Amino acid sequence: MPISKISRGSIKVLFLAAEVDPLIKVGGLGDVAGSLPKAMLTLSPANLHGQHLDLRLAIPFHAGMNIDRWNPELAATFEIPAPCGMLKAQAYQIDLDGLTVYVIQAGPIGRPGPVYSMITQEDGEKFTVFSLAALELAKALNWQPDILHANDWHTAAAVYALALRKERDPFFAHTHSVLTLHNLPFMGAGVEEALEKYGLPASNDPRLPTWARQYPLPLGLLSADRIVAVSPSYAREILTPEFGCGLENFLLTRQDAIMGILNGLDQEVWDPRHDAALAAPYSDEDFSGKAVCRKALHEEFGLVEDPQEALLTVVSRMDQQKGIDLVVEGLRQSLDLPWKAIILGSGDPTLERACLQLQEEYPGRIRAAIRFDSRLSHRMYAGADLLLMPSRYEPCGLSQMIAMRYGTLPVASEVGGLKDTIQVRQGNREGTGFLFHPVSVPAFRKALEDALAAYQSRSRWKTMQTLAMRQDFSWARSALDYALLYLKLKG
Ligand code: ADP
């Protein structure tokens with residue numbers, strides 16, 4: 001066997017996330033947790049200095065989750081120190097296409113309610129207990145992780161707990177931590193009481209602003225050995241007052257620990273050549289199936305298809321972040337342009353109502369589907385011509401990558417991961433989408449005008465679509481970046 005193929009040991013990684021597709025998915029984090037660990041497991045030890053990854057994922061056993069079809073087995077029962085004695089916990093082990101997943105049940109984790117409550121206090125105990133339980137699980141399994149990899153505020157408390165524990169618990173003496181930042185503004189405000197209750201005191205580190213000293217995300221950012229933002233641009237943006245959410249000065253003190261690694265896509269789930277949800281498959285070499293999908297989508301929503309009009313789409317959480325208000329106002333102020341639009345999304349009731357109102361005003365041009373509907377999202381990415389994504393900030397964003405993979409070109413704000421994944425036309429080099437700045441209705445309208453002009457030029461449009469579809473949005477590069485980071489930390 002060639003020397004490089006010989007495994008010289010393993011890097012043990014405990015990967016924590018609040019959601020994972022297909023067990024439970026609410027947003028982009030579910031996509032990432034469902035695809036990044038799997039992509040890392042396909043890496044060859046030859047690329048990892050002969051080491052192989054022993055990566056295992058842990059998620060909470062949310063209320064109403066059904067994992068029976070994955071034949072769960074009880075992997076461990078253990079206890080977590082709690083205010084009134086010890087709290088019993090169980091971890092069920094399942095195999096997700098070769099990835100070991102522990103689904104952890106303990107007291108507040110399974111309390112009835114959605115994956116994320118609108119009231120963070122309600123989530124406080126759930127995610128604090130989960131974060132602590134994940135560390136206890138490693139001990140119960142006698143499986144010493146080299147790396148603890150947490151994601152967002154929900155699991156950031158585990159990073160903080162690890163830092164507090166490392167000095168007095170030899171089991172974790174050599175465990176390093178990585179915290180991936182998918183969304184800085186969600187810091188876990190309201191979770192203070194739960195942290196205190198479960199023995200995680202406020203920090204008195206003067207680098208942290210006083211208000212942030214008992215929020216799980218800032219505590220994780222303070223304690224993590226490495227912080228990964230989900231795009232290189234976002235890694236830079238969070239150091240500025242515009243995007244730093246009040247933590248910019250603190251984050252500047254941690255600048256050396258911060259890096260950006262772009263999220264990728266599960267290219268098997270998102271592949272117009274083999275997507276069972278579509279009216280017809282298609283590829284970058286034969287677009288005829290896309291025309292069938294476009295026609296079917298118009299019919300599904302009772303819209304009259306007109307080849308001169310671009311079909312615009314939105315697939316998004318209804319949230320201020322995503323600039324849905326700007327879509328509504330932008331479309332209202334662009335009625336003179338040739339387009340029809342279909343909006344899919346759910347979330348903030350005010351934004352949902354604004355979209356429904358727009359549909360009522362212009363039923364022949366605009367349709368709004370207010371729900372979360374994964375299969376419909378596939379049909380929309382395939383059947384539309386343009387995806388609107390005027391995010392106020394966008395750590396990475398998956399929708400624009402999915403859209404490009406389906407030959408649907410994004411009209412997006414020039415921020416974060418949108419800037420890093422969408423190419424704009426430069427001289428003779430054609431682009432894969434349209435970016436605008438600032439995030440305002442006039443700038444949005446101008447970009448829409450440019451996009452519609454490009455749409456009228458069939459040859460230019462086809463070139464752009466082909467380029468967009470041929471982008472490499474796979475996890476391969478980013479999975480390797482993460483694995484090399486683990487390797488470096490392990491030393
Ligand atoms: P975020 O994670 O901030 O919500 P991303 O663009 O990173 O945004 O990921 C959003 C993911 O959720 C994409 O896979 C997108 O297709 C999906 N999605 C968002 N809203 C809906 C919806 N209403 N129905 C189906 N899928 C949706």
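Asn 142 is exposed, with a relative accessible area of 61%. By exposed I mean over 50% relative accessible area; buried is under 20%, and partly exposed lies in between, with a 1.4 Å probe and protein chains only. Asn 142 sits in the loop between helix 2 (120-140) and strand 6 (147-151). Its phi is near 50 degrees, a positive value in a residue other than glycine.

Before I go on, the ground rules. This is a predicted model, where local features need pLDDT of at least 70 and side-chain atom pairs count only at pLDDT 80 or more, while totals for chains, interfaces and linings use all residues. Residues are numbered from 1 along each chain as its sequence is written, and side-chain values use heavy atoms, with hydrogens and water left out. Helices are DSSP runs of H or I with at least four residues, strands are E runs of at least two, and both are numbered from the N terminus.

Back to the backbone. Most residues other than glycine have a negative phi, and most peptide bonds are trans. Asp 97 also has a positive phi, near 45 degrees, and is not a glycine. Asp 97 is in the loop between strand 4 (85-96) and strand 5 (99-106). Asp 97 is exposed too, at 66% relative accessible area.

Now the cis bonds. The Asp 21 to Pro 22 peptide bond is cis, with omega near 10 degrees. Pro 22 belongs to the loop between strand 1 (10-16) and helix 1 (28-41). His 437 and Pro 438 are also joined by a cis peptide bond, with omega about 0 degrees. Pro 438 falls in the loop between strand 15 (434-436) and helix 14.

Next, the whole chain. How many helices and strands are there in the protein chain? The count is 16 helices and 15 strands. The radius of gyration is 23 Å, close to the 23 Å that the globule rule gives for 491 residues, so the chain is as compact as a globular protein of that length. That radius is taken over C-alpha atoms, and the rule is 2.2 Å times the number of residues to the power 0.38. Along the principal axes, the C-alpha atoms fill a box of roughly 70 × 55 × 45 Å. Buried residues make up 59% of the 491. Take contacts (heavy atoms within 4.5 Å). Among those between residues at least 6 apart in sequence, 72% join residues at least 24 apart.

On to helix packing. Two packed helices are described by the angle between their axes and the distance between the axes. Axes here are lines fitted to C-alpha atoms, for helices over the stretch in contact, and angles run from 0 to 180 degrees between N-to-C directions.

Start with helix 14 and helix 15 (residues 458-469). Their axes come within 5 Å and cross at roughly 110 degrees. The two helices are therefore roughly perpendicular. The cut-offs: under 35 degrees is roughly parallel, over 145 roughly antiparallel, 65 to 115 roughly perpendicular, and the rest oblique. Helix 14 brings Ala 451, Ala 454, Tyr 455 and Gln 456, and helix 15 brings Arg 458, Arg 460, Trp 461 and Met 464. That contact has five nonpolar, one polar and two charged residues. Nonpolar covers Ala, Val, Leu, Ile, Met, Phe, Trp, Tyr, Cys and Pro; charged covers Asp, Glu, Lys and Arg; the others, Gly among them, are polar.

Helix 14 (residues 441-456) also packs on helix 9 (residues 324-332), at about 65 degrees with the axes 9 Å apart. Leu 326, Glu 329, Gly 330 and Leu 331 of helix 9 meet Val 441, Phe 444 and Leu 448 of helix 14. Here the classes are five nonpolar, one polar and one charged.

One more pair. Helix 3 (residues 152-166) and helix 5 (residues 216-223) have axes that come within 7 Å and cross at roughly 45 degrees. That makes helix 3 oblique to helix 5. The contact residues divide into nine nonpolar, two polar and one charged.

Is Arg 294 buried or exposed? Arg 294 is buried, at 8% relative accessible area. Arg 294 lies in helix 8 (residues 288-300). Beyond four places in sequence, its contacts include Glu 305, Asp 306, Glu 309, Asp 385 and Tyr 455.

Pro 81 is in strand 3 (residues 73-82). Pro 81 is partly exposed, at 45% relative accessibility. Beyond four places in sequence, Pro 81 touches Met 86, Glu 136 and Tyr 198. Its C-alpha is 9.4 Å from that of Ala 133, 52 residues apart along the chain.
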